[in-house]
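Work through the exercises below with the sequence and the model open. Each task is followed by a worked solution.

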Amino acid sequence: MASIGRFHLFQPSPLLKPSAILSKHPLASPFFTTRTNDNSNLRHNIGGGGRKLSTTPPLRSNSEGSISSTQSSMSIVGDLLDYLNESWTQFHATAEAKRQLVAAGFHLLNENEEWKLKPGGRYFFTRNMSSLVAFAIGEKYSIGNGFHVIAAHTDSPCLKLKPKSASSKSGYLMVNVQTYGGGLWHTWFDRDLSLAGRVIVRADDGSFSHKLVKIKRPLLRVPTLAIHLDRTVNTDGFKPNLETQLIPLLAIQADKTAPELDDKISSSPLKDAHHQLLMKILSDELCCKVQDIASIELNVCDTQPSCLGGANDEFIFSGRLDNLASSFCALRGLIDSCASPEDLANEHSIRMVALFDNEEVGSDSYQGAGAPTMFEAMRRIIACLGEPPVGECGFARAIRHSFLVSADMAHGVHPNFMDKHEENHRPVLQKGLVIKHNANQRYATSGITSFLFKEVAKLHNLPIQEFVVRNDMGCGSTIGPILAAGVGIRTVDCGIPQLSMHSVREICGKEDIDIAYKHFMAFYRTFSSIDKRLKVDF
């Protein structure tokens, strides 16, 4: 959340790798119960092991479109932890989402090719392997009906390697980094860090392949200065220079490198940009030759696994909760809302998820929400389904009937800093999604869109909270206003409440994940029936 770049003052689901987990403690909320299988490994889950089948069944709706109590008793928390542990970078998050969609029966499209779509079909495409749009077409869809969209983002504040990262100081090999987004950079000190991202590899035939890489072992560290050498740090504050003091250590500088490694590096296109040792580690991880690595795009990542915490395992401790928690709940909501053929049999609209990159730096990129990716997809979908060919008015009518949920993490009230919240709008963990309001349109929520989203919650007996920033504080923003203004689509901004936003290690409530999932499921299943009961511009 809070793009700093735009800151102005019943069947098993085969799609998810399971965790060996769900909490062994029952959820306290009257809205949910948990599975009772032994989950003793959840607290220390590391997302390892082979991919097994998830035992979390998708929710099913009854004849009235509501979610039955039996079906709503399942938790997706374990699957979220697996997703977080897979998704060290925006590339891995998108690749994992792609894997889940394919496993669920969605058809992969290519933006460069002609699309052939049909009612009842489920499709998706990726862009830059860091953004994704997936959609399911109702069997009864007709041109002019709307899209029901949940949008989130795949990126999080982090450190990224500079194009020339090799640096040496005082006998240490170091890697130069750029800060990405508005991170709490002091939290990155004294952490066990590593590298992950994507690499372009040259094949023997001269072609190139795009590969993801993740070095799971601790590889880097940014050490703090001992208090004996900085006596006033606890009174004056820790204020590191981000250019000169936020440089990770890679290794002790060797007197000389092995001759065979020198020979390999000498023919590498990146020989002058990155340490030979780092290039060798990457080549070993990718099972390729050092000289075949043509380009790298790597994030610095915290290696500590996502897990449950708290006396009753009520918290989720993890990096990148902002905004992978929202992305996962949205993705899983779409997949499970159309897991069987009958789920789309009476649907008159199109259900969609859009996951974008670069929200944390303003969204103005090819793969960000500032690009027309989602709206171009909507136009193509309508054009494919229209017989005879549909004019511009078909798309315009569809947009007027559409509704977008901008899902991005929200600020839960901090018990040690309660005065930072407006006294009547203090969201708490474990109490459900937070609707975000801002009179200056830093959030896209209006009285109408807030009402409709609350009605979804009310119909399914789900809790809801509200947030507004204090008048004497600046307000961050989301992709909501960007998308709302793009073509004029009704939008509500909401989020799962959390603490430590933009820290290397964040915290949210376990129950809120299941509440968000159920709210998104309910949105897909019942929004049409709610929306048609409200008349505004008539």
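**Exercise 1. Helices H1 and H6**

Task: In this predicted model, find how the axes of helix H1 (residues 77–86) and helix H6 (residues 321–337) cross, and which residues make the contact.

Solution. 
1. The two axes come within 10 Å, and the crossing angle is roughly 125°.
2. Angles of 65 to 115 degrees count as roughly perpendicular and those over 145 as roughly antiparallel. H1 and H6 are therefore oblique to each other.
3. The crossing of H1 and H6 is right-handed.
4. On the H1 side, the contact is made by Asp-79, Leu-80, Tyr-83 and Leu-84. H6 contributes Leu-321, Leu-324, Ala-325, Phe-328 and Arg-332.
5. Sorted by class, the residues of this contact between H1 and H6 are 7 nonpolar, no polar and 2 charged.

**Exercise 2. Helices H2 and H6**

Task: Determine how helix H2 (residues 90–103) is oriented to H6, and list the residues that meet.

Solution. 
1. The axes of H2 and H6 come within 11 Å and cross at roughly 15°.
2. Angles under 35 degrees count as roughly parallel, and H2 and H6 are therefore roughly parallel to each other.
3. H2 passes H6 in a right-handed crossing.
4. From H2, Ala-93, Ala-97, Gln-100 and Leu-101 meet Leu-324, Phe-328, Leu-331 and Ile-335 of H6.
5. The contact of H2 with H6 holds 7 nonpolar residues, 1 polar residue and no charged ones.
6. Leu-324 and Phe-328 of H6 are in the contact with H2, and Leu-324 and Phe-328 are also in the contact with H1.

**Exercise 3. Helices H9 and H11**

Task: Repeat the analysis for helix H9 (residues 447–459) and helix H11 (residues 510–531).

Solution. 
1. The axes come within 9 Å, with a crossing angle of roughly 110°.
2. An angle from 65 to 115 degrees counts as roughly perpendicular, which makes H9 roughly perpendicular to H11.
3. The crossing of H9 with H11 is right-handed.
4. H9 supplies Leu-452, Phe-453, Glu-455, Val-456, Ala-457 and Leu-459 to the contact. H11 supplies His-519, Phe-520, Ala-522, Phe-523, Thr-526, Phe-527, Ile-530 and Asp-531.
5. The classes in the contact of H9 with H11 are 10 nonpolar, 2 polar and 2 charged.

**Exercise 4. The largest cavity**

Task: Give the volume of the largest cavity and describe its lining.

Solution. 
1. The largest cavity contains about 240 Å³ of space.
2. It is lined by 25 residues, and those closest to its centre are Ser-156, Pro-157, Cys-158, Trp-188 and Arg-320.
3. Strand E5 (158–169), strand E10 (293–302) and H6 are the elements that each give two or more residues to the lining.
4. E10 provides the largest share, 4 residues.
5. The lining divides into 9 nonpolar, 10 polar and 6 charged residues.

**Exercise 5. Backbone exceptions**

Solution. 
1. Most residues other than glycine have a negative phi, and most peptide bonds are trans.
2. Asp-190 is not a glycine, yet has a positive phi of about 60°.
3. The peptide bond from Asp-322 to Asn-323 is cis, with omega near 15°.

Conventions
Residues are numbered from 1 along each chain as its sequence is written. This is a predicted model: local features need pLDDT of at least 70, side-chain atom pairs count only at pLDDT 80 or more; totals for chains, interfaces and linings use all residues. Side-chain values use heavy atoms; hydrogens and water are left out. Axes are lines fitted to C-alpha atoms, for helices over the stretch in contact, and angles run from 0 to 180 degrees between N-to-C directions. A crossing is left-handed if the near helix is turned anticlockwise from the far one by less than a right angle, and right-handed if clockwise. Contact means heavy atoms within 4.5 Å. Ala, Val, Leu, Ile, Met, Phe, Trp, Tyr, Cys and Pro count as nonpolar, Asp, Glu, Lys and Arg as charged, and the others, Gly among them, as polar. On a 1 Å grid over the protein atoms alone, a cavity is a set of points where a 1.4 Å probe fits but cannot get out, and a pocket is an open set with protein on both sides within 12 Å along at least five of seven lines; lining residues have an atom within 4 Å of a point. Grid points are joined across faces, edges and corners, and a volume is the space filled by probe spheres set on the points.
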